Amino acid sequence: QSETSDKSSSESDSETEVEQVSVYHKLLATLKTSPESESEEEEDESESEDAGESETESNSEGSQEAGEADGGEEEKNDVPDQEEGITAEQTLGQEQADGADTSCDPNHGVIEEFTDVKHESEFSLETNFMEEESGDCNADQRDGNSSRAFSEDPFKQHMDKELEEKEVEKMSTLPKTSSQTKWPRLGQLTFYSTLEKHKTLKADKQVDVKQLCLHKPLESTWPKVNKQFLSSVNKASDASFTPLQRELFCIMNTYRDLFYPERNALTNGEEIRHAYCLHALNHVLKANAQVLSNNAKRRDQKPGTNSDDYRDQGLTRPKVLMIVPFRECALRIVHIFISLLEVNDKKKIDVSNKKRFKGEFGSDPEEKPPNLKRPEDYEAVFAGNIDDHFRIGVAILQKSMRLYAPFYSSDIIIASPLGMRTIIGAEGEKKRDFDFLSSIEILVIDQADIYLMQNWEHVLHLMKHINLLPLDAHGVDFSRVRMLNLNNWSKYYRQTLLFSALQDPQINSVFNKHCFNYMGQVAIRNVPLSGSISHVVVQLPHVFRRLEAENLTSVIDTRFQFFINKVLPEYRDAIMSHTLIYVPSYFDYVRLRNYFKKEELNFTHICEYTKKAGVCRARRFFLKGEKQFLLFTERFHFYKRYMIKGIRNLIFYELPTYSHFYSEICNMMKATGNGVDATWTCTVLYSKYDAQKLAAVVGVDRTAQMLQSKKNVHLFVTGEN
């Protein structure tokens with residue numbers, strides 16, 4: 001591919017980043033400024049909690065924009081000026097995310113473009129040929145057996161399928177039909193499809209690796225790499241997959257879209273990561289092997305022969321896009337790729353720029369203070385380097401891997417939503433680029449729930465710019481481009497793998513509205529039986545107050561009016577002191593804060609932008625009863641997990657996004673000194689549109705009863721439910 005296009009795309013990227021990254025660094029700076037001196041013991045606790053978390057607010061770039069839109073005062077007081085906290089090293093780190101070289105131009109004093117020219121020809125698909133010893137047995141069809149195996153390969157079947165115009169019209173106009181089935185490990189599955197004659201998939205009880213049509217090196221490396229997850233219980237005939245991996249990979253390997261909302265960083269997160277890495281790498285190796293094999297055939301063919309038989313590429317080279325929340329996730333993915341490509345200790349693969357990658361994506365274990373006490377799930381999610389602004393291109397060719405490849409020379413792109421947003425840019429911007437997304441064949445969105453805590457708009461922005469026709473040719477050989485790409489039908493062939501820790505309407509919406517795979521979709525739809533309320537250990541009456549909203553768009557205003565007219569008056573009395581109001585949405589938080597100020601209520605507030613000193617003061621005032629109310633955002637809890645002492649009355653303005661936050665916040669009452677108090681209260685606001693969140697808190701049976709009844713529901717939890 002042309003180097004000029006690589007250069008221009010990355011140049012626009014690095015210039016855009018200098019502007020865009022400032023908001024992100026504002027947030028980092030809020031944690032790096034020294035707090036005002038405090039003499040109370042609360043400060044000591046806060047400082048120890050904050051010491052190692054200079055990056056944990058990197059998420060909130062999206063909320064920053066929200067706050068500014070609302071004209072709130074929190075941002076003016078709590079976020080320093082743009083220049084504060086941005087060092088040359090940090091800016092450099094961001095530009096390097098897409099490959100800016102560390103050397104500087106002495107004339108201009110700016111960072112030169114990193115194009116890795118040294119390895120460009122080595123990793124070019126157009127100029128290389130298949131090495132016999134590394135070739136996939138299916139890559140060439142020289143005898144009947146290999147030809148039959150090749151035709152049965154799910155990759156070949158999926159990519160070679162030629163859709164007709166009437167089928168495409170069907171998919172874009174007709175609603176999807178659905179069917180349900182139950183699998184042993186995944187549970188309740190729902191299959192969706194527009195095209196007819198799609199049989200419901202059955203779970204394989206056992207999987208023979210040789211029957212999966214894995215590319216040659218993966219057959220031998222996968223069992224070794226995955227060994228850490230396998231127990232002695234696994235049968236010898238199925239010694240390469242866990243039950244969860246087996247069923248997930250069974251779906252992935254058919255090239256259907258997949259939504260799995262039960263990913264857990266503590267239990268199955270790494271299992272799932274290994275499974276989708278295997279699938280993605282298998283896809284890339286097969287696609288590249290096909291191109292290299294056809295290169296040899298074209299070289300040997302006689303002049304004038306029809307070359308339409310060799311349509312084996314997209315309009316741009318990147319085939320797989322992996323969206324992950326933190327640099328640590330990208331680090332683990334690359335390590336899995338390397339492990340899967342190394343057949344044994346003697347046959348190490350050549351990885352270019354590995355040292356630099358380790359430096360920029362790794363973390364120093366000594367940086368983390370040892371005295372932090374956090375829940376296990378927090379430690380699992382925020383392990384390693386938690387910077388959320390990055391992107392990196394990876395090129396793979398036979399026995400070599402190239403990190404920091406220019407996007408138009410990459411097979412796989414690993415990025416965060418923010419990293420994608422700053423290169424895609426916005427309408428009207430001169431320097432923006434998204435052509436490299438035109439021929440993505442597999443999209444992996446892992447840990448989607450975390451993007452709800454970062455900025456969901458970045459995910460939506462990405463989905464709007466994927467699989468569009470490129471604006472430039474980027475040096476492509478059109479005689480090698482598949483007809484599906486030339487017809488602008490790429491989105492109907494793209495497989496989307498979506499993993500999340502929870503069911504959420506916004507995540508469901510992406511799966512339902514932005515996935516067009518002609519093979520159909522599979523969603524796991526299990527219902528929670530007990531709910532997180534069963535983990536509340538304090539004796540506490542829970543009052544669930546239902547509000548009636550005409551439609552989904554009116555819920556926000558209806559909730560606000562319901563709260564200020566019916567709920568808040570009951571808590572204005574001084575007897576109802578020590579009231580914590582938990583607010584999931586930052587917009588709602590700003591609205592409530594402004595209302596409380598207008599009404600001159602005795603309150604304090606903590607959000608994700610509050611400086612450390614402000615957090616110390618707010619916690620101290622609330623504990624001592626000097627402030628009656630504490631407004632508390634969900635994002636602050638997600639990124640900090642502080643213990644808030646002194647709570648006697650709890651109001652959940654809306655049900656929490658993460659169901660376990662409900663029991664966590666309720667159990668904070670244990671820290672309120674004198675044990676159980678008969679006057680403690682917990683009030684929850686909900687509407688019929690909160691069915692999923694409600695089920696996750698109280699269980700599906702209670703939810704059905706609560707949604708049928710229009711009365712308030714009183715539950716008393718003894719700590720043993």
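**Burial, core and helix packing**

Analyst: Of the 721 residues of the protein chain, 59% count as buried, where buried means under 20% relative accessible area with a 1.4 Å probe and protein chains only. This is a predicted model, in which local features need pLDDT of at least 70 and side-chain atom pairs count only at pLDDT 80 or more, while totals for chains, interfaces and linings use all residues. Residues are numbered from 1 along each chain as its sequence is written, and side-chain values use heavy atoms, with hydrogens and water left out.

User: Which residues touch the most other members of the largest nonpolar core?

Analyst: A nonpolar core is a set of buried Ala, Val, Leu, Ile, Met, Phe, Trp, Tyr and Cys residues joined through side-chain atoms within 4.5 Å. The largest one holds 152 residues, and it draws at least three residues from each of domain 1 (151-297 + 317-366 + 376-524) and domain 2 (532-718), with bounds that come from an automatic or database domain assignment. The members touching the most others are Y276, M322, M401, I414, M420 and F544.

User: Which residues does M322 touch, not counting residues up to four places away in sequence?

Analyst: Contact here means heavy atoms within 4.5 Å. With residues up to four places away in sequence not counted, M322 touches Y276, C277, A280, I333, F337, I412, I413, I414, A415 and V444.

User: How are helices α9 and α11 oriented to each other, roughly parallel or roughly antiparallel?

Analyst: Helices are DSSP runs (H or I, at least four residues) numbered from the N terminus, and their axes are lines fitted to C-alpha atoms over the stretch in contact, with angles from 0 to 180 degrees between N-to-C directions. Helix α9 (residues 216-225) packs against helix α11 (residues 269-300) at an angle of about 165 degrees, with the axes 12 Å apart. Because angles over 145 degrees count as roughly antiparallel and those under 35 as roughly parallel, α9 is roughly antiparallel to α11.

User: What is the orientation of α17 relative to α20?

Analyst: The axes of helix α17 (residues 456-464) and helix α20 (residues 505-513) come within 11 Å and cross at roughly 5 degrees. That angle makes α17, relative to α20, roughly parallel. The contact is made by W456, L460 and M463 of α17 together with, on α20, Q506, I507 and V510.

User: Is S438 buried or exposed?

Analyst: S438 lies in the loop between α15 (417-424) and β11 (442-445). Leaving aside its neighbours within four places in sequence, S438 is in contact with L315, T316, N467, L468, P470 and S490. Its relative accessibility is 2%, so S438 counts as buried.

Notes:
Buried < 20%, exposed > 50% of the residue type's maximum accessible area, 1.4 Å probe, protein only. Helix = DSSP H or I, 4+ residues; strand = E, 2+ residues; numbered from the N terminus. Parallel < 35°, antiparallel > 145°, perpendicular 65-115°, else oblique.
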